[in-house]
Amino acid sequence: MIGAGFMGAAHSQGWRVAPRFFDLDATPEMAVLVGRDSERTAAAAEKWGWAESATDWREVITRDDIDIVDIVTPGDSHAEIAIAALAAGKHVLCEKPLANTPAEAEAMAAAAETARAEGIFAMVGFTYRRVPAATLARDLVRAGRIGEVRQVRAAYLQDWLRDENDPLSWRLQKEHAGSGALGDIGAHAIDLAQYITDSAITRVSGTLETIVAERPLLEDASGFTGTASDAWGTVTVDDVALFNARFDAGFLGTFEASRFATGRKNALRIEVSGSAGAISFDLERMNELGVYDARADSASQGFTTVLVTEPEHPYIGAWWPAGHMLGYEHGFSHQARDFVQAIAAAVQPEPSFTAGAQVQRVLAAIETSAARDSVWSAV
């Protein structure tokens, strides 16, 4: 695994736990954790369960004992690492968004297609697909439980940037992150909407806003670690993204991504309305799915809260008795499970790099629309 930050901890939990709860056709061994700082990386490797640590990812991906490369670095390094790892014959799991630009994402997708011809596979980590309630939502929509999809409403709301004195980090710098709330969390809403409805976004109209334009710099000039100094730096990404979308099946969607939604910590919400019903999901209530049956007797109609903890629900059979809740980290175990099983079966794991590149094109189209200010009409 290359990257030893927040996502490194989450992915490590997934790799460590998946083979202990799921019957896998191959057993992953947590061989090497790669980071920039040797001491911090060594400490993280020991804490998270990696056999060893290193600082040179180029050397590690050439090792014969490495079969999978898991990329959890900032977006500006995804393309270089993924393309090199695929060329070295390694299966690749890469965190979302796939890259910082459509050109990088397309190059990664092309490299993945070349590698697939040799039996080497790549997947992008849109982990929320693997929250059991979200997977169940997809299953119900595909089974026709809500009829023909007519509208989607999605929002991903956080508030961790609401304090204007919080320091400038790599997530606030376009050269490292690619975009702000749009790519960081909006990409999840885009992928989940397309996944649940089995329909792709083809047109968008959007607007972006940077609410706090300057933030304190960190002592470490790289912007990744350290304590706040007296110097200030410019925020070069968006804080809020609002956009409308048209899907290839003809219906419309409305989206919001904000890291300034005061009081909302990790509220990824999606509601899909259909001709015969609706489904509603909120990550802050991740073990529940709202299901509405428009064909039911009018005297008893209403959203039913399904507690997604039954053994017949997606992924749940490997875990606890009904009513015993799962948490954020379980999605990463499900991701590791699905990735390993696909590789063992020599089939393409989903979402592919091609799917990740399509999301990247949606993000770029929203930025283009926002730059043209085309969403606004004078009153």
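Trainee: Which residue in β15 stands opposite Val291?

Mentor: Keep in mind that this is a predicted model, in which local features need pLDDT of at least 70 and side-chain atom pairs count only at pLDDT 80 or more, while totals for chains, interfaces and linings use all residues. Residues are numbered from 1 along each chain as its sequence is written, and side-chain values use heavy atoms, with hydrogens and water left out. Strand β14 covers residues 288–293 and runs antiparallel to β15, with four bridges between them; strands are DSSP runs of E with at least two residues, numbered from the N terminus, and two strands pair if DSSP finds at least two bridges. Across from Val291, the residue in β15 is Thr304.

Trainee: Which strands are at the edges of the sheet?

Mentor: The sheet is open and has eight strands with mixed pairing, in the order β7-β10-β11-β6-β12-β13-β14-β15. An edge strand pairs on one side only, and that picks out β7 (201–209) and β15 (304–307).

Trainee: By what angle are neighbouring strands of this sheet turned against each other on average?

Mentor: Axes here are lines fitted to C-alpha atoms, for helices over the stretch in contact, and angles run from 0 to 180 degrees between N-to-C directions. For neighbours in this sheet the direction is ignored, and the average turn is 15°.

Trainee: Which strands does α10 touch where it packs on the sheet?

Mentor: Helices such as α10 are DSSP runs of H or I with at least four residues, and contact means heavy atoms within 4.5 Å. The direction of α10 makes about 50° with that of β7. The strands it touches are β7 and β10 (240–247).

Trainee: What is the bridge partner of Gly206 in β10?

Mentor: β7 and β10 are antiparallel partners, joined by eight bridges. In β10, the residue bridged to Gly206 is Phe243.

Trainee: Which residue takes a positive phi in the hairpin of β10 and β11?

Mentor: β10 also pairs with β11 (residues 252–258), in the antiparallel sense and over seven bridges. The hairpin has four residues between the strands, and the one with a positive phi, near 105°, is Gly250.

Trainee: How far apart are the C-alpha centres of domain 1 and domain 2?

Mentor: The division is into domain 1 (6–125) and domain 2 (131–326), with bounds from an automatic or database domain assignment. Where they touch, eleven residues of domain 1 are in contact with 17 residues of domain 2. Their C-alpha centres are separated by 24 Å.

Trainee: Which helix supplies the largest share of the lining of the largest cavity?

Mentor: On a 1 Å grid over the protein atoms alone, a cavity is a set of points where a 1.4 Å probe fits but cannot get out, and lining residues have an atom within 4 Å of a point. The largest cavity has a volume of about 50 Å³, the volume being the space filled by probe spheres set on grid points joined across faces, edges and corners. Two helices, α5 (102–116) and α10 (353–372), each give at least two residues to its lining. The largest share, four residues, comes from α5.

Trainee: How many cavities of 30 Å³ or more does a search of the whole structure find?

Mentor: The largest one has Glu113, Arg116 and Phe353 among its lining residues. Counting every cavity of 30 Å³ or more, the search of the whole structure gives three.

Terms used:
1 Å grid on protein atoms, 1.4 Å probe; cavity = no way out; pocket = protein on both sides within 12 Å on 5 of 7 lines; lining within 4 Å.
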